[in-house]
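Come along and check each entry against the picture.

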Amino acid sequence: MLKVVGAVMLVVLGCEPRPADDDVVDGDLLSDLPRFETQRAVLCARGRENAVTTALCGPQPSIASLVDLQQLLGIAFDDDDDVPGFSLLGHSSALPVRSVSAINPGVVIVSLPAHPPELNGRPGRLRDDGNTFSMAYARGDQLVEMAVRPPDGELAFYLLRYEQGCNDDVSCDAADLLTPQTESGWTRWSLYDDEDLGNSVLDCLQCHQPHGPGTPRIFRMQELENPWTHWMATFTIGGHVLLDDYFDVHGLQETFGGIPGALLPRTDPVSVEDLVRFDDDDQPNVFPAPFVEREVQNNNRAQPADNSTPGVSASWDLVYQAAVVGDAIPPPYHDVKITDFAKLASLTAAYGSWRSGETSALPDLRDVIDDDALAHMSLRPRPGLDGRGILVHMCAQCHNARLDQTLTRARFDALNLDNNDRAERLLAIDRLLLSQDDRFRMPPHFFRDLSPDEVEAAVAALRELD
Ligand code: HEC
Ligand code: HEC
């Protein structure tokens, strides 16, 4: 309890990075928010009306699995003849950026109301409540993301965080978090909306309302055009390569993201493109998928199946540069695969041993990302940046004048470093020097990492302004 009070004080007063007498590092990004039924009461009292509040407010629903949640929201895969539209993706530039890869894909399920047949794809199962709804899920973080627009209403964002039995034990291991085990056996859950999360690292609107308050809230898909790089499909070259890597690990039987294995080959990026087009959402800084894939392949014919030589693409450089200078959120990586060849092979074998019961321990499937990809996914700064450049690339996504200026977060501005007064710059230095697993560490490990040299360069750039 003391810890929570300390965290709230910090946010309000912007004082010490952490209360001095509290030497326990709090790594929970949401520890200052209420949980469970208390949080549900706060959220439901807001009175927003949409398919999510209809399903999850009212008498406490019993949700012990992902499938339970999908059933409540009308998107369960319980009828082979009437399947919701969905797509798997082998690399996400969203919240689960560290968790998602071909061997632990993200799943986006799309649920549209009845509409005229002007869209491109199979319509999938239609909703009868008029809402436009989507769920995004990836194993690893115990989070389920949802976005919903009620008829003529505002797009709202929801995050459901669940716990499993392992949360009450010492800790959750890779097998708890990265296998079918994490999709069921839920013991408790908390539901947050975009308002609850506004001043947290998991703020949805930093990306889903990129131009800030008063501007459109959008569904997102960065690779919006054919061949929808990183989105799995049997009918694109890249999508097929990713799907092969997925099936090598999980086989054809495993239910993934609530979707029975036999239905997974129906993964279809067009359903997500249709969601974005149906909602009429302009996408900023679009990843020009047809150009990037062509350029990468022209430079190296082994791509996309063999990414051991990282690709090169002038079209991609432009969208990446927009993120480096803080104009846009990071675009996805230029290559179809983000995985390191050797790590992919060893983790594929390890999952096989776990699946066959040969071993009960599983290595962390998320530890599969290729070194070249880390900086190009903006998990690390672009090589060669100076201290100021590092601060812009690593901080501006959340600290810029476009976003909500009433949040305490806005007191630090990464795009106008000279505008931060001395106290704010000192606070930024304190935050940069905290340990990586501290929830107050900047940049947050959830999205970014800096080497000790890069921290030093960023600190020096802030000190220089004195
Ligand atoms: C760092 C930017 C970022 C943040 C933060 C973020 N999203 Fe997203 N979101 C995306 C992108 C990009 C996509 C497209 C799919 C992908 O790349 O994984 C997406 C996809 C989604 C989808 C699937 C439907 C769609 O729009 O394509 C849902 C649902 C969603 N996000 C909900 C949320 C919620 C809820 C939060 C906050 C808890 C959130 N997102 C935070 C960037 C973000
Ligand atoms: C993914 C989003 C995100 C990124 C990236 C990020 N921050 Fe933050 N930052 C936040 C949030 C949310 C808060 C408010 C909550 C808190 O105080 O921890 C915050 C708070 C701060 C504060 C305290 C503001 C105040 O006066 O209370 C400073 C200073 C700061 N960040 C500096 C940085 C620096 C420096 C970087 C890059 C090296 C960075 N941040 C990157 C999300 C981010």
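Which element gives the largest share of the lining of the largest pocket? I looked it up, keeping in mind that this is a predicted model. The answer is β5, with three residues.

**Entry 1: the largest pocket**

I noted a volume of about 1,200 Å³ for the largest pocket. Its lining has 40 residues, and the closest to the centre are G27, L29, G140, D141 and F446. Sorted by class, the lining of the largest pocket has 17 nonpolar, nine polar and 14 charged residues.

**Entry 2: the second largest pocket**

Here I found a volume of about 740 Å³. I listed 36 lining residues, of which N199, H399, R409, R431 and M442 are the closest to the centre of this second largest pocket. The largest share, five residues, belongs to α15. My tally by class for the second largest pocket reads 20 nonpolar, seven polar and nine charged.

**Entry 3: the cavities**

Rolling a probe the size of a water molecule over the atoms shows where empty space is left. I counted five cavities of 30 Å³ or more. The largest cavity has a volume of about 720 Å³. It is lined by 43 residues, with A94, L95, E145, H208 and R220 the closest to its centre. Among the elements that give two or more residues to this lining are β2 (106-111), β4 (143-149) and α9 (269-278). The largest share comes from β3, with four residues. The lining of the largest cavity holds 29 nonpolar, nine polar and five charged residues.

For the second largest cavity I wrote about 70 Å³. Its lining includes G85, V110, H115, R122 and D274. By class I noted four nonpolar, four polar and two charged residues there.

**Entry 4: a pair of helices**

At what angle do the axes of α8 and α12 cross? I found roughly 35 degrees, and the axes come within 8 Å. Helix α8 covers residues 237-250 and helix α12 covers residues 341-355. From α8, the residues D245, D248, V249 and H250 meet L344, T348, Y351 and R355 of α12. I sorted the residues of this contact into three nonpolar, two polar and three charged.

Note on methods. Residues numbered from 1 in each chain as written. Chains lettered and ligands numbered in written order. Predicted model: local features only at pLDDT ≥ 70, side-chain atom pairs only at ≥ 80, totals over all residues. Heavy atoms only, no water. 1 Å grid on protein atoms, 1.4 Å probe; cavity = no way out; pocket = protein on both sides within 12 Å on 5 of 7 lines; lining within 4 Å. Points joined across faces, edges and corners; volume = space filled by probe spheres on them. Nonpolar A, V, L, I, M, F, W, Y, C, P; charged D, E, K, R; others polar. Axes fitted to C-alpha atoms, helices over the stretch in contact; angles between N-to-C directions. Contact = heavy atoms within 4.5 Å.
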